[in-house]
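Dear colleague,

Please find below the sequence and the structure that I am handing over to you. My notes on what was found follow directly after them.

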Amino acid sequence: MLPPFELDVHTHTIVSGHAYGTIREMAHAASEKGLKLLGFAEHGPGVPGTCDPVYFAALEHAPRSLCGVELLYGCEINVLEGGLLSLPERYLNMIDYGVVGIHKICYTDQGREQNTENLISCMKHPKVFFVSHPDDDQTPLDYERLVSAAREYHVALEVNSSSFAKPHLRVNCVENYKTMLPLCEKHHVPILVNSDAHDPLEVAQTSAARALLEELHFDPSLILSLSAPRFKEFIGM
């Protein structure tokens with residue numbers, strides 16, 4: 001059995017436009033679940049209804065601790081065709097960490113090799129520290145290349161627990177994680193387990209991902225979610 005996870009750093013508040021909790025409501029939920037660290041990765045430009053980038057410029061005014069839980073602020077930045085990031089460069093230094101992910105609402109499948117190339121291009125930015133839900137065969141990826149690049153560019157790969165409940169949105173996610181995770185062990189690439197919560201009730205809901213890791217006997221030393229200090233060290237804080 002894995003020890004409890006100390007953090008959940010892929011969550012969304014009402015700022016993302018299609019989520020249903022405030023910062024304070026999410027922090028209260030994190031406290032009730034026993035988390036030490038909660039991270040907000042609001043959607044970047046490209047997802048309809050999300051915030052204007054000026055939101056990230058004002059994060060110096062955001063609370064850093066609520067309900068006994070430390071708070072960090074990131075952005076889930078869209079991978080665009082051509083391997084471009086959807087968040088302008090000037091805002092990247094205003095967030096604690098960048099997350100990059102492919103969202104079909106603002107990306108057209110380019111095929112396995114080009115999807116992988118576009119994602120790797122975005123992973124090269126020094127403010128990007130993990131990849132969100134690299135698990136959907138609607139935009140397939142080459143996991144050998146992805147894992148090797150993650151090691152080269154100091155990027156963790158996410159096991160997104162919400163994907164397990166969305167087989168129509170994240171096609172073949174379990175099979176893809178079963179391909180990706182042994183490669184992470186082989187190349188000593190760290191992973192993050194996150195809820196992708198869009199509501200306070202979903203914070204720290206990572207049981208599906210945890211069950212898969214336990215089934216695979218995945219190396220706990222590669223799971224950043226087990227230690228808040230280790231995650232902060234990984235992102236240079």
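Thr11 stands opposite Phe40 in strand S2. The model is a predicted one, in which local features need pLDDT of at least 70 and side-chain atom pairs count only at pLDDT 80 or more, while totals for chains, interfaces and linings use all residues. Residues are numbered from 1 along each chain as its sequence is written, and side-chain values use heavy atoms, with hydrogens and water left out.

Strand S1 covers residues 7-11, and S2 covers residues 37-43. Helices (H or I, at least four residues) and strands (E, at least two) are DSSP runs, numbered from the N terminus. S1 and S2 pair in the parallel sense, with three bridges between them; two strands pair if DSSP finds at least two bridges between them. Asp8 has Leu38 of S2 as its bridge partner. A crossover is called right-handed if, with the strands pointing away from the viewer, the path from the first strand over the helix to the second runs clockwise.

S1 is mostly covered, as five of its five residues are buried. Buried means under 20% relative accessible area, exposed means over 50%, and partly exposed lies in between (1.4 Å probe, protein chains only). S2 is likewise mostly covered, with seven of its seven residues buried. In a regular strand the side chains alternate between the two faces of the sheet. Both faces of S2 are covered: Leu37, Gly39, Ala41 and His43 on one side are buried, as are Leu38, Phe40 and Glu42 on the other.

S2 also pairs with strand S4 (residues 69-80), again in the parallel sense, over seven bridges. Within S4, Glu70 is the bridge partner of Leu37.

Strand S6 (residues 97-101) runs parallel to strand S7 (residues 128-131), and three bridges join them. Val100 stands opposite Val131 in S7. Together with helix H4 (residues 112-123), S6 and S7 make a right-handed β-α-β unit. S7 in turn runs parallel to strand S8 (residues 156-160), to which two bridges join it. Here Phe130 has Ala156 of S8 as its bridge partner. S7, helix H5 and S8 make a right-handed β-α-β unit as well.

Ser121 lies in H4 and is partly exposed, with a relative accessible area of 30%. The C-alpha atoms of Ser121 and Pro45 are separated by 18 Å, the two residues being 76 residues apart along the chain.

**Helix packing**

The axes of H5 (residues 143-152) and helix H6 (residues 173-187) come within 9 Å and cross at roughly 40°. Axes are lines fitted to C-alpha atoms, for helices over the stretch in contact, and angles run from 0 to 180 degrees between N-to-C directions. H5 and H6 are therefore oblique to each other; angles under 35 degrees count as roughly parallel, over 145 as roughly antiparallel, 65 to 115 as roughly perpendicular and the rest as oblique. Their crossing is right-handed: a crossing is left-handed if the near helix is turned anticlockwise from the far one by less than a right angle, and right-handed if clockwise. Tyr143, Glu144, Val147, Ser148 and Arg151 in H5 meet Asn176, Thr179, Met180, Leu183, Cys184 and His187 in H6, where contact means heavy atoms within 4.5 Å.

H6 also packs with helix H7 (207-215). The axes of H6 and H7 come within 11 Å and cross at roughly 55°, and the two helices are therefore oblique to each other. H6 passes H7 in a right-handed crossing. On the H6 side, Tyr177, Lys178 and Leu181 meet Leu212, Leu213 and Glu215 in H7.

**The loop between S9 and H7**

Two residues with positive phi deserve mention. Asp196 lies in the loop between strand S9 (191-194) and H7, and its phi is positive, at about 55°, although it is not a glycine. Asp196 is buried, with a relative accessible area of 4%. Ala204 is placed in the loop between S9 and H7, and phi of Ala204 is near 65°, a positive value in a residue other than glycine. Ala204 is partly exposed, with a relative accessible area of 24%.

With kind regards
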